[in-house]
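I opened the model today to look up a few local details. My notes follow, in the order I checked things.

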Amino acid sequence: MKTGKTLEALGVEVLRRAGTRRDYLADTRTVAPVFENFPALRLAGVAGDPVFAIQPWAHGQLAEHAGIPQAYYDRLLKDAPALWQTNVSHWLNAKPSRHLVRTLDGEVRAWLSDRYRPLDNEELIEAALPALAEVNAEIVSAEITDKRLYVKAVDPKLRGFIRRDATHEWQRFEDEIVWGVCISNSEIGAGRLSVRTFFVRSVCSNAAIVESVFGQFHLGSKLSDDGSQDGAQYLRDETRRAKDRVLFLELRDVVRGALTETMMRRTLDKLDVAAGLEITGDIPKVVEVTARRWGLTDGERAGVLQHLVRGGDLTAWGLANAVTRVAGEAESYDRATDLERFGMQVIELPRRDWEMVAAAA
């Protein structure tokens with residue numbers, strides 16, 4: 001498991017971003033792509049006609065809006081910036097619409113629909129931390145990336161063992177898990193506000209993300225319905241703020257409800273079953289099939305094979321742990337979290353699908 005930032009460092013960065021974040025409602029006909037040493041957007045409808053550099057995620061959203069395939073869009077940026085400017089400008093004018101342009105540190109980080117509902121990280125932190133503190137939960141990992149914010153916490157009182165025999169009497173320390181939650185959000189359209197159950201394996205700190213218990217898509221009424229003018233900085237009115245406060249209070253209740261023994265035992269039952277499902281096929285082939293199914297890179301595939309063989313646990317539980325062990329070695333926190341989800345998906349494979357993976361030859 002990647003540990004990311006300390007809670008203090010996370011809070012400092014969340015507040016810093018909140019202070020420098022600026023949002024604008026923009027008519028596409030007043031937005032001009034420009035290329036002067038770097039690709040940028042000029043918001044002609046905003047006072048001063050500011051020019052903002054464009055972050056990678058926003059480039060993807062612009063490409064989708066313009067209907068330009070991503071590979072060709074990237075090639076234009078690299079090899080024909082004037083043609084990129086012409087293409088994007090044409091489609092912005094040909095498809096007039098309003099968009100929420102989210103900026104941070106003088107750069108466009110998101111190009112979003114005017115129905116996008118901002119649910120921001122400082123409000124999430126304000127709602128989630130008291131709920132975690134009430135049960136003395138420990139934050140074991142936290143991070144804020146260009147795309148998402150994550151808080152992963154466990155309740156040390158909620159512990160359980162994976163039972164590997166039919167009587168459920170035998171237990172090993174290395175098969176103890178500690179139960180918790182993973183809370184995440186994206187301010188730029190890279191995912192919904194969510195709470196998922198989560199556990200950490202005691203002996204090695206492998207972590208897995210289990211299931212969603214709360215999710216809110218960033219979708220609302222048209223932002224211009226509140227009277228905001230095109231080109232103006234977008235600020236939520238009191239009605240929208242009140243609705244958001246209710247939502248975050250609901251999230252707080254969900255966090256409390258997820259940190260229960262009942263929720264943990266439901267997952268322990270699945271882990272018990274996985275610990276009894278043996279791998280019967282050729283080990284490298286099993287890992288190759290796993291890598292294809294979950295889109296693992298060559299490096300991740302090699303890591304899973306290495307950890308599976310070294311661990312010596314040739315079961316679905318062992319394969320899942322090999323995947324989540326690789327998560328701790330991932331270059332990015334976003335990718336690490338994806339791999340933590342994949343580990344649980346190995347365990348939850350339908351029996352027929354598992355048999356196809358386990359018997360690969």
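This is a predicted model: local features need pLDDT of at least 70, side-chain atom pairs count only at pLDDT 80 or more; totals for chains, interfaces and linings use all residues.

Leaving out residues up to four places away in sequence, I found R17 touching L104, I144 and T145. R17 sits in helix α1, which covers residues 7–20. I then checked its accessibility: R17 counts as buried, at 12% relative accessibility.

Next, cysteines. I found zero disulfides in the structure. C182 is in none, and the nearest cysteine sulfur, that of C204, is 18 Å away. A disulfide needs the two sulfur atoms within 2.5 Å, so 18 Å is too far for a bond. C182 is buried at 2% relative accessibility, whereas C204 is partly exposed at 25%.

Last, helix α9, residues 298–311. I compared its length with expectation: 14 residues at 1.5 Å a residue should span 20 Å, and the end C-alpha atoms are 20 Å apart, which agrees. I listed the buried residues of α9 as E300, G303, V304, H307 and L308. Down the axis they fall within an arc of 130°, so they line one face of the helix. Which helices does that buried side pack against? I found α8 (283–294), α10 (316–327) and α11 (333–347). The face turned away carries the exposed residues D298, G299, V309 and R310. After α9 comes G312, with a positive phi near 70°.

Definitions and conventions:
Residues are numbered from 1 along each chain as its sequence is written. Side-chain values use heavy atoms; hydrogens and water are left out. Buried means under 20% relative accessible area, exposed over 50%, partly exposed in between (1.4 Å probe, protein chains only). Helices (H or I, at least four residues) and strands (E, at least two) are DSSP runs, numbered from the N terminus. Contact means heavy atoms within 4.5 Å. The expected span of a helix is 1.5 Å times one less than its number of residues. The arc is that of the directions from the helix axis to the C-beta atoms.
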